[in-house]
Amino acid sequence: MSEIFATTGTIAAIATAIVPQQGSVGIVRVSGSEAIPIAKTLFHAPGRQVWESHRILYGYIRHPQTRQLVDEALLLIMQAPRSYTREDVVEFHCHGGIMAVQQVLQLCLENGARLAQPGEFTLRAFLNGRLDLTQAESIADLVGARSPQAAQTALAGLQGKLAQPIRQLRTQCLDILAEIEARIDFEEDLPPLDDKTIISEVEKISAEIAKLLATAEQGELLRTGLKVAIVGRPNVGKSSLLNAWSRSDRAIVTDLPGTTRDVVESQLVVGGIPVQVLDTAGIRATEDQVEKIGVERSRSAAQAADLVLLTIDASAGWTTDDQEIYAQVKHRPLILVINKIDLAAAETVQYPREISQVVKTAVVQNQGIAALEAAILEQVQAGKIQAADMDLAINQRQAAALVKAKTSLEQVQTTIAQQLPLDFWTIDLRGAIHALGEITGEEVTESVLDRIFSRFCIGK
């Protein structure tokens, strides 16, 4: 049995990020039958404070043998089943930093708890029926959300907006299976099945699955974000574009060509989508070894990017160097940015007319940034990915299970069309039911759970 499935006993972990000299509060979470006895061993609550569920106590944490003071803290008690894990849970709210929480955690481990595995608190919540698997995955998405839209989508999943339609589809499949199996067991007592009705119901379920599958790319985009590379010759305004767009001085801007020697990164949010913007070194032939390395990294960044912003100088027009760079990136999704329109009219620039999206900017005057963001969202929507107003978005694991369910249902229709016996109908129908159950956790293997929860942080 995998290590993450050793869910017996009482577990403890630091549940907050620990940053030296920055964290104001650090929390040590303990879950299991020994959680409250451990708290009573370590925590002294002065006065007549009542030890009861969902009450916060004020007091001191002391070493049980030496009585040495470890920290002044708060203690939160949550008795089963009214807790995150549906077990007895206590939380020591200590002063932030490193030493206090680490000492408290060590005392918990010395007095009956063991260190929690990654995601074990949430795994226990799942195994104890507080969460289904889609809600557990939504918690991980919420913790890792990189934009408000991603957080909202994760919250929708946590509220069951994905599990509900999946369960409904699975119930419909179970109802069809029951009808078929009833005919197998009691053929003489029941009227024959209406093939057309069964096919119609299966088609409706497949159509609903297809709608859910359409959100897979949306979900991936919200979770991982869009990687955008700004490329072009030296001194066309790439670094100025990054600075104006991010409203910061991330990149050095000078009149000297070759100033940017490496890829400079900035994190933005455009239309609810996390965007990683890469300002690359100017691409040109050079004998400078350091700059040459930067140019190669620029080419690599352009090839790996989801979208390339090919930036040119309006005052210089479309040059031979621009054409060479374009030849290297034209197979990528691309927007042409004609910069420095304050120095020359963009209409005079002759560029390849096969470039469908062109944005005109004067970034030193903050002109054209809104138009650039709108063009990026157009590129996103051209890929049939809706960037906003999403109620839910499935992840890769859920998408794979839905594909299996849809394939099984298509095979059911083929089996019926071929007029095979009813027993054959049930085989693929059971496959669809199993695949849908994998999504919510009603049918799930140990290896799947291991893979999901091992990606969580230890305190969650």
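Select L105 first: this residue is buried (under 20% relative accessible area, with exposed over 50% and partly exposed in between, using a 1.4 Å probe on protein chains only), at a relative accessible area of 12%. You are looking at a predicted model, where local features need pLDDT of at least 70, side-chain atom pairs count only at pLDDT 80 or more, and totals for chains, interfaces and linings use all residues. Residues are numbered from 1 along each chain as its sequence is written, and side-chain values use heavy atoms, leaving out hydrogens and water.

**Stop 1: around L105**

Show the helix next. L105 sits in α2, residues 99-110. Helices are DSSP runs of H or I, at least four residues, numbered from the N terminus. Contact here means heavy atoms within 4.5 Å.

**Stop 2: the nonpolar cores**

Select I209, L402, L409, L429 and L436. They have the most contacts inside the largest nonpolar core, which has 29 residues. Such a core is a set of buried Ala, Val, Leu, Ile, Met, Phe, Trp, Tyr and Cys residues joined through side-chain atoms within 4.5 Å. Colour α6 (163-185), α7 (195-213), α13 (396-417) and α14 (422-440); each supplies at least two residues of this core.

Zoom in on L429. Beyond its neighbours within four places in sequence, L429 contacts C173, I176, L177, I180, L409 and V412.

Then move to L57, I77, C94 and A100. They are among the 27 residues of a second, separate core.

**Stop 3: the largest pocket**

Which residues lie closest to the centre of the largest pocket? Select E137, A140, D141, R223 and N395, from a lining of 31 residues. The pocket holds about 630 Å³ of space. Now colour the helices. α4 (133-143), α5 (148-158), α8 (216-224), α13 and α15 (446-453) each give at least two lining residues. α4 gives the most, with six.

**Stop 4: S239**

S239 is in helix α9, residues 238-246. Is S239 buried or exposed? It is buried, with a relative accessible area of 9%.

How values were computed
1 Å grid on protein atoms, 1.4 Å probe; cavity = no way out; pocket = protein on both sides within 12 Å on 5 of 7 lines; lining within 4 Å. Points joined across faces, edges and corners; volume = space filled by probe spheres on them.
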